[in-house]
Amino acid sequence: MGRKVTMATCCLNQWALDFEGNCERILRSIEEAKAHGAKYRLGPELEICGYGCADHFYESDTLLHSFQVLRNLLESPVTQDIICDVGMPIMHHNVRYNCRVLFLNRKILLIRPKMLMANHGNYREVRWFSPWNKLRQVEEYFLPRMIQEVTGQDTVPFGDCVLSTKDTCIGTEICAELWNPDSPHIQMGRDGVEIFTNSSASHHELRKADQRVNLIKSATTKSGGIYLYANQRGCDGDRVYYDGCAMVAINGDVVAQGAQFSLDDVEVITATLDLEDVRSYRGELCQPQLESDFKPCHRVKVDFSLSGCDDVYLPTHQPIEWHFHTPEEEISLGPACWLWDYLRRSGQAGFLLPLSGGVDSSSTACIVHCMCVQLCRAVEGGNSRVLEDVRRVVGDESYHPQDPKQLCARVFTTCYMASENSSEDTRNRARDLANQIGSTHMNINIDVAVKGILGIFSAVTGRWPQFRASGGSARENLALQNVQARVRMVLAYLFAQLSLWARGRPGGLLVLGSANVDESLTGYFTKYDCSSADINPIGGISKTDLKRFLLHCAEQLQLTALRSILAAPPTAELEPLTDGRVSQTDEADMGMTYSELSVIGRLRKISKCGPFSMFCKLIHTWKDALSPSEVAQKVKRFFRMYSVNRHKMTTVTPSYHAESYSPDDNRFDLRPFLYNASWSWQFRCIDDQVTQMAANTAKR
């Protein structure tokens, strides 16, 4: 009958500027799409060069090599007899655009530039690209000579246009255009476009996947249609992890779903759907276009059909229920995949982690263990590329990982760095967890190094600083804590460079950090201590979520050592013990709980609150637990700590982005690092409000 179409979308683990690897993965996805009978293949945003090229987009080399890859794709027999939709940067009239290039049988059909840019949070597209703001306008694009030689074309359509095949009409959206209140699919659908495609580079955040799915379902619920969504996957060289979720939807129902987290470099999702279902759905809902100023889409016609002639017996895909991971599952999967991408692409031989026996470092350790679990499952499932990468990392061409603990022993080294202020409890907790996950564990005593450094200071100044418990000042107390913390960083890097050498193995280790997002907010860590590492998988995750994650690991992975870690009070163990027990706790030092910090962090970043507006919100949120004056004290204490310590964020370890209130100074949360920490005007407004509220209460 000629009305059923089979289309493919995909997730690709592309890497910025890895033109060789990116081209190979694109060709593999097209080959798989054709093997499943697809006549149209959609790929992620900027898949040819990689989305995360950043300022490399300014370089002419990036444009040149992108066209060279495009030529390879056009010439490949793999791309014949299927419409290929690929993403790359293109310069038109000396203006750089983020584009989709659609081609078929060595001919470019059209080039569609992005119209609505992502320019918030982690995204800075306007820095490198201009939006195409000529609605419904199409111009001629003069192809480079290397492409003309293959296609025989001098010019191709460039602009806001759609593709008309012999049996349907296809319109393009690019990533953020779906999230915009004026999404292109709205007008395209009203003009008869039946198939919408979206090529994305959308990163993972905890609790975000449902927003993406709901937007796509909503896009086709309102006026019908088929929606294909492609996304990048993995770490392409930056702090974010692109979390896949390729899908196909029709008339508000998802009918095909890809994995959110996976170690597969290429995942292709295909669906066979009936165009008559779209037409029947619209026949009842949609009315003729009545606006006098309506501009129809510019249609580029192609002599090609997505459907076949005899498709009566061809089954179509039916609606499915989307499975959403819990936040605990997301933490066990996303950061673990990100770590693996970083490890295999960095050329290093594993990780080293200072394991203190607390929640944060234990969370990092558990994420590495989860990575090993995923690797063993992938190898067991027949993923030859993962097996090849594992063998290269461990330096053993015959190794076949089966047990996550055994793999952990090869790629993961943990060390407990004890001082005279460390307790036996934390030493035992670190040892027990290391035994259960299988890491190669070491006990290191740092007292000799600490005393040596203090000896140098004493020899120069004639003074020996004392802890507060021994009569020292607050400045002495803090300096003594900091020197312990910084010695640990130096030793961590020393052992990362030489521990494998000492065991007779080649290679070095990446140092892992373990500061959570709430500590970064307040600056409750020592600058250049063990928070300073190569990468940090938990730097964008709250303490509250990390505790839930550890409970999940204790239950699902039988890591029983985590229960005692969860039961212990968070402490840095940098001050002297009292009767062998910890006398210092994190929450007492900060003057607020970690759950309170999470609330404050979300108000600061997500709700855009300064000190006064935060106080005005919290007097209602915390009214059952704190008085207005107590709320005022917490708000003022937070902003003092935040502003005094903001300079630490300029050197903080690159962290996995997982939380929408992250204080990451690199790109996500741009703020000064030298503040007037008195906040005199703002705090006076708070004090005046507290006084007024007290007076009003007294009058009642």
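**Reading the model**

Author: A349 is found in the loop between α9 (327–346) and β17 (351–354). Helices (H or I, at least four residues) and strands (E, at least two) are DSSP runs, numbered from the N terminus. This is a predicted model, in which local features need pLDDT of at least 70 and side-chain atom pairs count only at pLDDT 80 or more, while totals for chains, interfaces and linings use all residues. Residues are numbered from 1 along each chain as its sequence is written, and side-chain values use heavy atoms, with hydrogens and water left out.

Reader: Is A349 buried or exposed?

Author: Buried means under 20% relative accessible area, exposed over 50%, and partly exposed in between (1.4 Å probe, protein chains only). A349 has 4% relative accessibility and therefore counts as buried.

Reader: Which residues does A349 touch?

Author: A contact means heavy atoms within 4.5 Å. Not counting residues up to four places away in sequence, A349 touches L343, V393, R410, V411, L500, R505, P506, G507, G508 and L509.

Reader: Where do D425 and P628 lie?

Author: D425 lies in helix α13 (residues 424–437), and P628 lies in helix α22 (residues 628–645). D425 has 34% relative accessibility, so it counts as partly exposed. P628 is also placed in the partly exposed class, because its relative accessibility is 28%. Leaving aside neighbours within four places in sequence, P628 is in contact with F615, I619, V690 and M693.

Reader: In which helix does H185 lie, and which residues are in contact with it?

Author: H185 lies in helix α6 (residues 184–190). Its relative accessibility is 4%, so H185 counts as buried. Apart from neighbours within four places in sequence, H185 is in contact with E173, L178, F196, A219 and K222.

Reader: Let us turn to the backbone. Which value does phi take in N94?

Author: Phi of N94 is near 65°, a positive value in a residue other than glycine. N94 belongs to the loop between β3 (83–92) and β4 (95–104), and it is exposed, with a relative accessible area of 71%. Q558, which is not a glycine, likewise has a positive phi, of about 55°. Q558 is in the loop between α17 (543–556) and α18 (561–567), and its relative accessible area of 55% makes it exposed.

Reader: How many helices and strands are there in the protein?

Author: The protein has 23 helices and 20 strands.

Reader: What does the radius of gyration of the protein agree with?

Author: The radius is taken over C-alpha atoms, and the globule rule is 2.2 Å times the number of residues to the power 0.38. For 700 residues, a compact globule would have a radius of gyration near 27 Å, and the protein, with 28 Å, agrees with that. Along its principal axes, the C-alpha trace spans about 90 × 80 × 45 Å. Of the 700 residues, 57% count as buried. Among contacts between residues at least 6 apart in sequence, 74% join residues at least 24 apart.

Reader: Which domains does the assignment give?

Author: Domain bounds come from an automatic or database domain assignment. Here it gives domain 1 (4–323), domain 2 (328–445 + 496–589) and domain 3 (591–699). The C-alpha centres of domain 1 and domain 3 lie 42 Å apart. The contact between these two takes 13 residues from domain 1 and 13 residues from domain 3.
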